[in-house]
Structures are given as C-alpha cells and as structure tokens.
Amino acid sequence: MSLRIKRIVSAVVFLSLTVFVINWLQNLVTPKYDWPEHNRRSLKSVRSAFLEPKNSLDAIYLGTSQTFCSISPMDIYDSSHIRSYNLATIAQRVPVAYYMLRGILRRQSPKLVVIDASGFFYTQEELMVTGKWEEMVDSLPLSCYREKLDMMKDIAIMQGREDDTGYLMSAIIPLLRYHKNYKVKKEYFQEHYLHQLYQRKGYVATYNFVAVDKTEVKTAKAMLDVNDTFASDDDKIETLEDCIRANEPYLEKLRDLCHAHGAEIAFVKVPVCTNTRARGYWSANKHEMTQALADRLGVKFLDMCYEDLGLDWQYDSFDGGIHVNHRGARKISARLLDWMQQEFGLSSEPNEKLDRQWAYQSDVFASEVEYLDLELEHDLFKFFDRVEQGDYTLFTTVSNGLGDHWSDEAQRRLEALTGTKRDLRDAKNAAYISVSSHGRIIEERHGKKSCTIEATLGDGLRYKAVSKTGKGKKNGMVDIWGVDYAPEGRGIHFVVYDNNLGCVVDSVCFDTSTAELTALQETRYQYVMRERLIEYVHGRMNGM
Amino acid sequence: MNIVSLLYLAFVAGVALVYFVTPRRFRWVTLLVASVINYLAYDLKLAVWLFITSLSIYFGGLLIDRQEQKYLAQLKTADLDRDGKRALKKQNERVKRRYAALVAAVNIAIWVVFKFADLFILTLNRYLSAEISLWHLMLPLGISFYTLQAISYVMDLTRGKCEVQKNYCKLLLWLCFFPQMLQGPICRYRETAPQLYAPHDFDYRRVKFGMQRMLWGYFKKLVIADRVVSLSDKIFGNSIEYQGVVFVVGALAYTIQIYADFSGGMDIIGGAAEILGVNMPVNFERPYFSRSISEYWRRWHITLGAWFRDYVFYPLSISKGAQKLSAACRKRLGPNLSKMIPTYLAMVLVWILNGIWHGAGWQFVAFGMYQGVLIVLGMQFEPVFDWIIRRLKIRTDCFSWRLWQRLRTLVLIMGGRIIFKASGLYEAMRIGWSILKIHNVWIFTDGTFFKLGLDAWNMFVLFVAVLVLLTVSILQEKGVHIREAIEKQNLVFRWGLYIAAIVTVVLLGIYGPRYDAAGFVYAGF
C-alpha cells in the first residue's frame, strides 16, 4: 500500500473513530425527555410515529397535553379499524405542530389531520418559548433534517442569533447544545423506557382520578339551556385576538400543507371541566374566535366542550378537570371517531399485514388497560369485584373510624374478599388493620384508639400499617419499603399490591362517613408501577 | 469570523482544500481571496479603512523605493567625494523617513480617531463642561494590529530591511492574511510575506501538526479561559461586594484567563496558518516562567514588544535629543546615571504607549507606567539586590531561588492585571489596598470560594486543565517538543490522546447557546 493511500485510510479510520465516540457522548447527554416521576409523556412517542409503516396512518392528531390525554388511537382502532396517531405534545405550539406535521408527512399520507384548538391561544411571547421548540427539534428523527434546521433557524431568529452556526448545526448535532448536560439532574437523561410505548400510538393513558367539586360542574346541556359560558371567562378579548393573529399564519400554512398532501384538516377542542381549577383553559370567547377562525380558513370545527359526552368530572379527570384520564379519553375518542366518520367519511382500507400488526398491539394495549381499570374504579363494590379477580395482597386500614355508612353489604363483601371475621359495624369509631391475599387473612389488628402492624411477608415484603382514630386528616398509614401509600381522608383505605408485578398498583380511600362512599386516590405508587407495567407489557410483547 | 466557531473550522478546511488544488502560481491568490472574504464578512463598510491603510503603505512603499532608486542612480552617476556621498545619503534617508513618517502619521491618526475619539470627548466634556456627543465608532477588525504591521513595513523599507512590494494584491494579502486578523501576531514583512507568496504543497505532517496546535488552542480558550472568566468577571465586576483575599483569587483567575485566552487564540491562528504552510512568528514563550518583569515582556506578546523596541525604543534612546539630554544630566547625576536617563525615559514612554495601545483610559496608561517603572527600578536597583544577595550568601543557582524569582514576578504581574481589569484606576487602588489590609483566608473554608462564579465541579475541571497546561509548559520549558514527542508514540496511545483531547474540548468547553464563549480579550484591543 502506498504511503498516500495508507494516510488516507488512516485519516478516515481516525475520523470515523472520533465520530463514533462523539456520537456516543451525544447520546449520553442529549435529553430523552422522560419525566417518569411526574407521570408526564415521553417525547419518544413522537419518534415512534416515524417508525410506523409508511403510509399506514389514516388520521393524525396534533395538540397539547389535553389532546394526548384525550384521544386514544387504539380505542379508535378497536371500534373502527381506523389507524391513527396522536402527535400532540406538552403545550405544543402551532408552529411546532406545523413542522412536526411536515416531518411526518414525509412518511405518511393521512386522509385527515385533526388539530386541537387549545394551542391556538398562546401569545406571541409564549410562541417564542424556545424550550418547546428545541425539544421537538431533538425529537424529530434525522430524516427530517430540513424541518429540524428550519425550526432551529426560526428559534435563532427569535433569539437574534441567526449568525450562530453552531446553534443552527445543533439541530443535527445536539451535542453542540447539550455538551454541558452532564451537570443536569441525571434522571432526565436516562432511558427509563426501553421500548417505544408503541401500542399507545402517542396517547398518554392516565390512571388515577382527582375528584372535582360537584357543585361547580355544569352539564353541557345545562349550559346550552341557559346560554351560559361554560367556564368563567377572565380572558381579555384583545389578548385572545393577538393570539389568533400570531397563530393564524401558521394555521394557514398547516391547512395548505395538508391540502398539498391530499389530506383534510379539522379543528377540535377536547373537553375541559367548568370548575375553578380549569378556568382559563377554555372559554366562550375562545370558542367563538376559533369558530370564526375555522370559518375564515374553511375548516370544520368540533367543540366537544359543548357536547354531552357523558363525562363524569368527579372521576374522569386525573387532575381535577384540566385533563381527562383513561375513562374520559374513551368517551372523547368515541365521539371524535363518530364525528370523523360522519363529517369526513373517514374509514380505513383493509390491509392484512397492517391489521395483523395493529391487532397485536391492540392486544398489548388491552393488557395494559387491565391494570388501568382497577385504578380507575371508584365504586366500592366494583373495586371488590376487580380485586377478587387478581393476584393481589390487599392492605386494609381504617382512618378516623368508619363512620355511619359502612353497610351490611359492604361488611359481607369485605369478609368474602379478605376472610376477616371482625365485624367493622360494631366499631364505627375504632382502629382496624388487615393484610390479606386470596380471601385469607395474613395479619389483622384492631383497637379502640390505634393499632399497628410491622412485619415482613413471606416473599420479603416489608411493611408497616397504622390505624388511628382522632381528628387528624391522616390517621391511616400503609408503608411499604419506606413509602406511605395510604391516601389522606377518613374511611377505609385499600392499598393493592400486585404479587406478579411486585409493586403497588392501586391505593384508594372510600369515605364511609358519606352515603356516596366518595373515592379518593393516592398517586405515589404510579412511578414504580409504570416501570413494572412497562416491563410486564414489554415481556408480553416479546412473548407473543 | 469568530475563530471559535464551526464556521471558522469549515472555512479553514475549505480554504486549505482550495489552496492545495489551486495551480501553484495562483495559490497566494487563494489566500488573498479567503482573507478578503473573511474581512468583508466582518463588516463591509469598515473594510474601507483596511484598504486605505494598505493603499497608504503601498504608495508610501513605492515612493520610498523610488527615492532609494534615485539615490542609487545619483550615487552611480554623480561624481561625489566622500562628504558629498555622505550628504547625499543623509538627504536620501531624510526623504525616505519623511515618506515613512507621513504614512505612519496617516495610519496612527486613523487608529487614534477610532480608538480615542470618545475618550477625548469625554475628557473635554468633563474638564471644559462641554456637551459634545460621543461618536461611538465601531473599531475596524484588527486595526490595532494591522496598523502597527503597516508601519513596520514602511519603516523596514526605509531602513533597507525589506524589499518593496510592487504588487498591491500581494501587499494586501500580507496585511490581511485571515488567521492573524483578529488578534495578531504583528508580523514583519520580511518574515511572513515570502511564506505567503510561496506555493506550498500538501504536507501531511505539517497539516497534522497544524490541526494539533489548533486543538491545543481550543483547549486553552474553551476549557480554561472561558471557564475562569466567570470567576474573574464576577469578582472584578462586583468588586464593591468583595474584599481582601477574594481579589487575590480574582487577580490569579484573570492572570490565567488572559494567558489561556490570548495564547490559545495564537495557537488556533498559528495552527490554521501552519496548515496552509505559513509559520506565524512566536508570540508567547511561557511568560509566567519569567524571573523578572523585563524577561516577562520578552516572553509575553513578543511581536508587540519587539515592535515597540524596534520602532519606538531604539530610535528614541539613540536619538540626538537623547544624547543631548544625557550630556546635560552628566554634571548633576554623574556619568553612570546620566547615561541611563535617556534609556529610562524611552522605556517609560514605550510602556505608556504600550498601555495606551491596550485601551483608551487612564488605567491603561497607569498599567503601562506600572510595567515601565518596575523595569526601570529593577535595572537601577540591580546592584543593590546583588549586594544583598552576596551579603546574605543566598544561593542563586538552585531551584528554590528560581522558584522565588518566578513567584515574585508572578505577583508583580498580578498587580498589573488588577490595574488592567479593575473598572478604573481608583478602583484598582482600592482593590490593592484591600488585599494588603484584609486577610480573609477563611473564604476557602466557609464555602465563599465556590460562590465566586464557579461551582466545585467547574473549579475541579479548571484545576485539572491548568495542571495539564502547566505540565505541557514545563516540558516545553525543558526543551521537549510535544508534538514530535507524541508522534514517536504508538498509534493506540496517539489516537487515544487525540480523541481524549477532542472529547475534552467538545464536552468540557464553554460554548454553545446559553454558554456563550467569551470574546477574545485581545480582539478588543
């Protein structure tokens, strides 16, 4: 080999090696956008959209967190065989949605693009929050390099750093932006989810519920009857108009982009509650302005806030009315499907290969939902039914006594479920703890004022349970491995430990001092549960 | 073009590629085009001043050369005796010097207007209660460097130390060769120009060495200088909040910063030039190993010191006026001191000019004077120091003495840095007083140290990086040629070292959004 060739080969090998090392470092420091402890959505599901087979999607949904919590493509598929993907992201700005759509349209040719109107009301300043753009630049695959570069260029213009080549190049080489990330909290950069959450199709299934004050909730019908605004309207008309002005050009571009790709575009608004907590997330003014905007752009608009979808805001939201949980999402998805079919005649072409794949993923999704249904259960007797069917260890503790509404039926069902012989009707103001599994009591204590069990179960599960009477808010405790899972509130607490997953899968308190037996939930277990559940689902996917 | 940018790296790579594929006789044209593009990219309008300077030295050079030719012709044709020849030579020198002075005056005037107009107006407004608005002139890129370089050309021409360049484009290339535009070095025509015009072939080893030098420069700039800048900026920027030992930390930080920044920049520039076959003059020779202030200035910004020595100090100290002054002082001060008076005065003047060159402000004048006075005092009291050393029987041929000399010089340098970095002369004095008066050494144990702009992790990175720099400097001081030494190692070691260096710069360098790389300190001059 001549010296010249030897040197060329040597230079190429050296460069490749350097690129390899730098790429490895890049993967190490570039954010993965997983926030498991906050139960927030992983942006990796955006990347998963690009792994869908080419031209396999019939519809695409864009929007904010309200959208990705509300529209479940797999539920829509189960009812209609329409294949769709939820590309909504946290606080997604319309310009960001535009670039995302541009990227996904390189691979897909959907018949319909649905965009949620929640994102139409970000002000010009809010549109310029670069973090929202940057995380999307990082989430798009390299094949969308044009979109990445264009987005980066837009951000650079917003920041007045158009001449910063390094910043622009960081669209392709994120290391240039994140090389100092080794200082940031390491959890944000670890891969918590080994697989791609493929079966959810961008939908974020949320499990628990946070009850909404019933007195604040009005039904859509009631609002229509009295011509009421469904939410307190603090929005200033001028501000909203400014928002629309800032977003309209991008929406126009979005519409034109859809039309250029032979897709129709539709605006929707997924429901939010009418209570104080959700105030500001939607309003009559916003509705009217969106409707006017839709008319101007020639786009159909469905505002589900004014529709009676049968949502029960007491148990259909996980955060008190702003976002729905899986129960709510099922109802919204059903309505959206109905609208898409009626207004756009949306249907799906049969495709044996794709249908086989989707059917398989649907099955995996269903196995995940099995667990969700236990958590979403707010009826005491249905809760008993579900616990009876699973392989669980049940921790029961009474906080501040049972009160007056612990019925004979409830007592009978508890005896059947746990095997207890203790009649709790005799001790309405007493303390009680039990640990049971498969209708058999493992440990049980009761006392006039308080009682405690601290023990280790056969499989090494260390726990401490406390029951007290008194005036405090938190007089029941179920501590497993140092974490107290029992929620606040008076009544009977149940902490459900899944013997297969090896973690707590539900924690609920039924307030037996009220006739409704109002359910309250605790969410501290969800982080671990999510991880275990994903492992379980992942294992099942591989096993099938 | 910022030399700490991907664009610059791509630019250097692009220029190198085009340079080596261009036919040999046009290779210098490639460099010229690249240099002009680089300059125009900075600011189209301000480039006019570069062209004015280049035209002034071009035509000035032609006039000087014409005068020289005329003189040589007269010398051949005219039948002159020895006195006549001497008179003719004197007249020739006088005319050439006038031309050179005119060119120098034009260029210095431009430089002074750009650099000192606002200071002058401020002074007028303050002392004459005038209300003249400031001009806020934007400095043409590298004006302080290329002006001195331009003057050196006509001066050398006058002294017959270089040949006239009759091709304007070639002269322009020498003046605005792109790597050196930001912060020098101040090149001499006879040293650099022939290298620029010569067609260099691709040399694998030279290109490799050039890239290594650039990498080393980026390490110094991005990992050390731009990291320690947070420390020095915080301390000197909020000096009212601090006292005592904190300022010692600040002065040390700034001493490290300015060296890593300037010498790092020089390495990047030198490396880029080396890739293209041009060896830039050495500007630094491990200045913090100096054992005296005068040695320090022979090792720090060598090309600037040499310029002042050749074009200000020597002409002044051997001028007729200096000789007259020496004679006048002889009766009162004795033969020894009177002989030194012109030298000392020239020296102080050079240092004041050196200070002014660095910035428009009285603190820079004070900075220059501080250096000048230290050198003069050192020279004047050298016999006294020698006497003390002899009397106390101090050994001077050992490591400890050399270490003491180096530490002493470093402390004096840090004193100068305080004057340089402080927000004003009064503030510099206040800082100096605070250091002498307050000894709050507990800042190192009560957590204050890590609240001065760098957290523990960054402090650790800085410490290790400075240790690497120190080790390399010690090896160089001992005569080890690092790049040649690495070249002799096994492939795995070499590649591992290179990749580790790249990764260190990429990962630990301060750059990118939200971590803006600080501008080069000397680019501001």
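# A colleague's note on chains A and B

1. Helix 1 of chain A passes helix 19 of chain B in a right-handed crossing. A crossing is left-handed if the near helix is turned anticlockwise from the far one by less than a right angle, and right-handed if clockwise. Helices here are DSSP runs of H or I with at least four residues, strands are runs of E with at least two, and both are numbered from the N terminus. Please read everything with one caution: this is a predicted model, in which local features need pLDDT of at least 70 and side-chain atom pairs count only at pLDDT 80 or more, while totals for chains, interfaces and linings use all residues. For finding your way, residues are numbered from 1 along each chain as its sequence is written, and chains are lettered from A and ligands numbered from 1 in the order in which they are written.

2. Let us stay with that helix pair. Helix 1 of chain A packs against helix 19 of chain B, residues 491–508, at an angle of about 40°, and their axes are 10 Å apart. Axes are lines fitted to C-alpha atoms, for helices over the stretch in contact, and angles run from 0 to 180 degrees between N-to-C directions. The two helices are therefore oblique to each other; angles under 35 degrees count as roughly parallel, over 145 as roughly antiparallel, 65 to 115 as roughly perpendicular and the rest as oblique.

3. Which residues make this contact? From helix 1 of chain A come A:Phe14, A:Leu17, A:Thr18, A:Val21, A:Ile22 and A:Leu25, and from helix 19 of chain B come B:Trp495, B:Ile499, B:Ile502, B:Val503, B:Val506 and B:Leu507. Contact is meant here as C-beta atoms, placed from the backbone, lying within 7 Å. Eleven of these residues are nonpolar, one is polar and none is charged. In this scheme Ala, Val, Leu, Ile, Met, Phe, Trp, Tyr, Cys and Pro count as nonpolar, Asp, Glu, Lys and Arg as charged, and the others, Gly among them, as polar.

4. Now the whole contact of the chains: 18 residues of chain A and 15 residues of chain B take part. On the chain A side, helix 1 (3–29), helix 9 (165–169) and helix 10 (175–178) are the elements that give two or more residues. Helix 1 of chain A has the largest share, with seven residues. By class, the side of chain A that touches chain B holds nine nonpolar, five polar and four charged residues.

5. Chain A also has a parallel sheet to look for. Its five strands form an open sheet in the order 2-1-3-4-5, with parallel pairing; two strands pair if DSSP finds at least two bridges between them. Strand 2 (84–86) and strand 5 (300–303) of chain A are at the edges with a single partner strand each, so one side of each has no neighbour in the sheet. Strand 1 (59–62) and strand 3 (112–116) of chain A pair over four bridges, and A:Ile60 has A:Val113 as its bridge partner in strand 3 of chain A.

6. Two helices lie across strands 3 to 5 of chain A. Helix 12 (237–260) of chain A covers strand 3 and strand 4 (264–269), running at about 135° to strand 4. Helix 13 (284–297) of chain A lies across strand 4 and strand 5, running at about 160° to strand 5.

7. A second sheet of chain A is antiparallel: six strands form an open sheet in the order 8-7-6-13-14-15. Its edge strands are strand 8 (440–447) and strand 15 (519–521) of chain A, each pairing on one side only. The twist from one strand to the next averages 15°. Strand 6 (392–399) and strand 13 (491–498) of chain A share eight bridges, and A:Phe395 is partnered by A:Val495 in strand 13 of chain A.

8. Finally, chain B. How is chain B divided? An automatic or database domain assignment gives domain 1 (6–202), domain 2 (203–280 + 435–525) and domain 3 (290–421). The C-alpha centres of domain 1 and domain 2 of chain B are 32 Å apart, and each of these two domains puts 17 residues into their contact. Helix 1 (6–21) and helix 7 (189–197) of chain B each supply at least two residues of the domain 1 side.
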